[in-house]
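This briefing is intended for a reader meeting the structure for the first time.

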Amino acid sequence: MGIKIITENKKAKFEYFITERYEAGVALAGSEVKSIKMGHVNLGDAFCLISGEGEVWLKNCLVSPYEKGNAFTPEARRDRKLLLHKAEIAKLIGKVKVKGYTLVPTKLYFKDNRVKVEIGLAEGKKLHDKRRTIKERDEARQMARDIKEYR
């Protein structure tokens with residue numbers, strides 16, 4: 001039961017406060033799985049939407065076409081259905097509509113040879129929060145440099 005992380009959405013951690021995380025399967029074509037296995041995927045501009053039928057979709061996720069694939073190669077930025085339980089979807093619908101949260105994909109990984117995406121229930125950061133994040137990151141980097149020099 002090993003987990004192999006393929007890609008992370010670092011931009012999401014900078015732009016949002018992530019309060020809850022959910023694991024969802026992704027409906028993919030075979031050539032897309034091979035492309036993801038090679039690391040040809042980008043979550044940078046991706047986001048999640050809940051449709052009126054109660055389905056969760058991963059939008060704007062770039063999965064580059066597999067070079068050695070057959071004639072059927074799906075579109076690189078097509079919408080992909082996320083596989084969640086009905087209870088989880090109902091919970092997400094309530095929080096997104098009532099409290100104004102956003103669904104953001106944070107990680108794409110393999111778990112038991114299946115592609116999974118980690119969805120974060122997120123709240124947007126304000127400009128001053130982003131500045132604080134930058135400051136904390138710079139301070140941690142400086143502290144690591146000081147420790148390295150001290151040794």
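In this predicted model, the cover over the buried residues of helix H2 includes strands E1 (3–8), E3 (41–42), E6 (62–63), E7 (80–83), E8 (102–111) and E9 (114–124).

**Helix H2**

- Helix H2 spans residues 30–37, and its buried residues are Ser31, Glu32, Ser35 and Ile36.
- These buried residues line one face of the helix, because they fall within an arc of 140° when H2 is seen down its axis.
- Residues three or four places apart in an α-helix point the same way, because there are 3.6 residues a turn.
- Gly30 and Lys37, on the other side of H2, are exposed.
- After H2 comes glycine 39, which has a positive phi, near 90°.

**The sheet and its helices**

- Seven strands form an open sheet with antiparallel pairing, in the order E1-E8-E9-E2-E7-E5-E4.
- From one strand to the next, the twist averages 40°.
- The antiparallel strands E1 and E8 are joined by five bridges, and isoleucine 5 has tyrosine 109 in E8 as its bridge partner.
- Helix H3 (residues 86–99) lies across E2 (16–26), E4, E5 (56–59), E8 and E9, and runs at about 150° to E2.

**Asparagine 9**

- Beyond its neighbours within four places in sequence, asparagine 9 is in contact with Leu43, Gly44, Val104, Pro105 and Thr106.
- A polar atom of the asparagine 9 side chain lies 3.2 Å from the backbone oxygen of leucine 43.

**Asparagine 42**

- Apart from neighbours within four places in sequence, asparagine 42 is in contact with Cys61 and Leu62.
- The side chain of asparagine 42 reaches the backbone nitrogen of glycine 44 at 2.8 Å.
- Between asparagine 42 and glutamate 67, the separation is 25 residues in sequence and 17 Å in space, C-alpha to C-alpha.

Conventions: Residues are numbered from 1 along each chain as its sequence is written. This is a predicted model: local features need pLDDT of at least 70, side-chain atom pairs count only at pLDDT 80 or more; totals for chains, interfaces and linings use all residues. Side-chain values use heavy atoms; hydrogens and water are left out. Buried means under 20% relative accessible area, exposed over 50%, partly exposed in between (1.4 Å probe, protein chains only). Helices (H or I, at least four residues) and strands (E, at least two) are DSSP runs, numbered from the N terminus. The arc is that of the directions from the helix axis to the C-beta atoms. Contact means heavy atoms within 4.5 Å. A polar contact is a pair of N or O atoms within 3.5 Å; within protein, one must be able to donate a hydrogen and the other to accept it, and residues adjacent in sequence count only if both atoms are side-chain atoms. Two strands pair if DSSP finds at least two bridges between them. Axes are lines fitted to C-alpha atoms, for helices over the stretch in contact, and angles run from 0 to 180 degrees between N-to-C directions.
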